Amino acid sequence: MSLVGYARVSTVDQDYELQVEALKKVGCKKIFSEKKTGTTIKERSELQQCLEYLREGDTLVVTRIDRLARSLRDLQNLVHSLKEEGIELKALEQPVDTGTAAGKAFLDMLGVFAEFETNLRRERQLEGIAKAKKEGKYKGRKPTARKKADQVLSLIQQGKTRQTVADELGIGVASVYRILADAKYMEKKHAK
């Protein structure tokens with residue numbers, strides 16, 4: 001029965017030391033920390049190690065719920081998994097304690113607001129991109145795979161697999177499928 005801490009910041013120029021200090025202050029002997037985005041729990045190696053380290057009767061402690069997840073679905077899945085393992089979740093700066101009904105309800109509300117905040121941020125980003133495009137300041141990424149369409153078609157005609165073609169040309173296999181679909185569409189269009 002131990003307190004295990006998890007600290008996270010989103011970018012490499014941010015610092016999680018204040019979180020680590022707060023976690024130590026409440027008695028966390030083992031603390032996992034990382035600098036990764038919180039929009040998804042995938043590809044967060046320290047979080048995965050933390051979850052593997054936790055045992056029945058332990059409590060996972062974070063400073064705020066958004067350090068764990070910004071997606072309501074990710075948060076709920078995580079809390080459900082913890083509960084199945086007999087592990088509680090506690091947030092220091094918010095009245096969240098999954099050991100109580102009120103704490104669980106508050107956790108759900110925080111999850112909704114964290115996801116709402118992420119969606120608002122995404123909307124603002126898209127608005128900024130649209131404005132920049134309108135002003136001619138944003139062109140987006142240059143398409144690389146479509147420039148290799150002739151090579152893709154040639155290699156496929158030689159009998160190579162889609163994955164082999166993608167690997168040889170340094171493009172994604174989805175791009176190979178897209179180029180082949182475009183070629184079939186153009187074939188049908190010219191056949192009419």
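Arg67 lies in the loop between β3 and α3 (helices are DSSP runs of H or I with at least four residues, strands are runs of E with at least two, and both are numbered from the N terminus). Arg67 counts as buried, at 5% relative accessibility (buried is under 20% relative accessible area, exposed is over 50%, and partly exposed is in between, with a 1.4 Å probe and protein chains only). The model is predicted: local features need pLDDT of at least 70, side-chain atom pairs count only at pLDDT 80 or more, and totals for chains, interfaces and linings use all residues. Residues are numbered from 1 along each chain as its sequence is written, and side-chain values use heavy atoms, with hydrogens and water left out.

**Two single residues**

- Arg67 is in contact with Tyr6, Arg8, Val9, Gln19 and Arg44, leaving aside neighbours within four places in sequence (contact means heavy atoms within 4.5 Å).
- Asp167 sits in helix α6, residues 162-169.
- Asp167 counts as exposed, with 56% relative accessibility.
- Asp167 and Asp74 are 93 residues apart along the chain, and their C-alpha atoms are separated by 33 Å.

**Nonpolar cores**

- In soluble globular proteins, nonpolar side chains tend to be buried together.
- The largest nonpolar core has 22 residues (a core is a set of buried Ala, Val, Leu, Ile, Met, Phe, Trp, Tyr and Cys residues joined through side-chain atoms within 4.5 Å). Tyr6, Leu60, Ile65, Leu68 and Leu89 touch the most other members.
- At least two residues of this core come from each of β1 (3-9), α2 (45-53), β3 (59-62), α3 (72-84), β4 (88-91) and α4 (101-134).
- α3 gives the largest share of this core, four residues.
- Leu60 touches Val4, Tyr6, Cys50, Leu54, Leu68, Leu82, Ile87, Glu88, Leu89 and Lys90, with residues up to four places away in sequence not counted.
- A second, separate core has 10 residues, including Ala145, Leu155, Val165 and Ile179.

**Cavity**

- The count is one cavity of 30 Å³ or more (on a 1 Å grid over the protein atoms alone, a cavity is a set of points where a 1.4 Å probe fits but cannot get out, and lining residues have an atom within 4 Å of a point).
- The largest cavity has a volume of about 60 Å³ (the volume is the space filled by probe spheres set on the points, which are joined across faces, edges and corners).
- Its lining is Val79, Leu82, Lys83, Ile87, Glu88, Leu89, Thr98 and Lys104.
- α3 and β4 each supply at least two lining residues, and α3 has the largest share, three residues.
- By class, the lining has four nonpolar, one polar and three charged residues (Ala, Val, Leu, Ile, Met, Phe, Trp, Tyr, Cys and Pro count as nonpolar, Asp, Glu, Lys and Arg as charged, and the others, Gly among them, as polar).

**Cysteines**

- The count of disulfides is zero (a disulfide is a pair of cysteine sulfur atoms within 2.5 Å).
- Cys28 is in no disulfide. Cys28 is buried, at 5% relative accessible area.
- The sulfur of Cys50 is too far for a bond, because the closest cysteine sulfur, in Cys28, is 9.3 Å away. Cys50 is buried, at 0% relative accessible area.

Methods. 1 Å grid on protein atoms, 1.4 Å probe; cavity = no way out; pocket = protein on both sides within 12 Å on 5 of 7 lines; lining within 4 Å.
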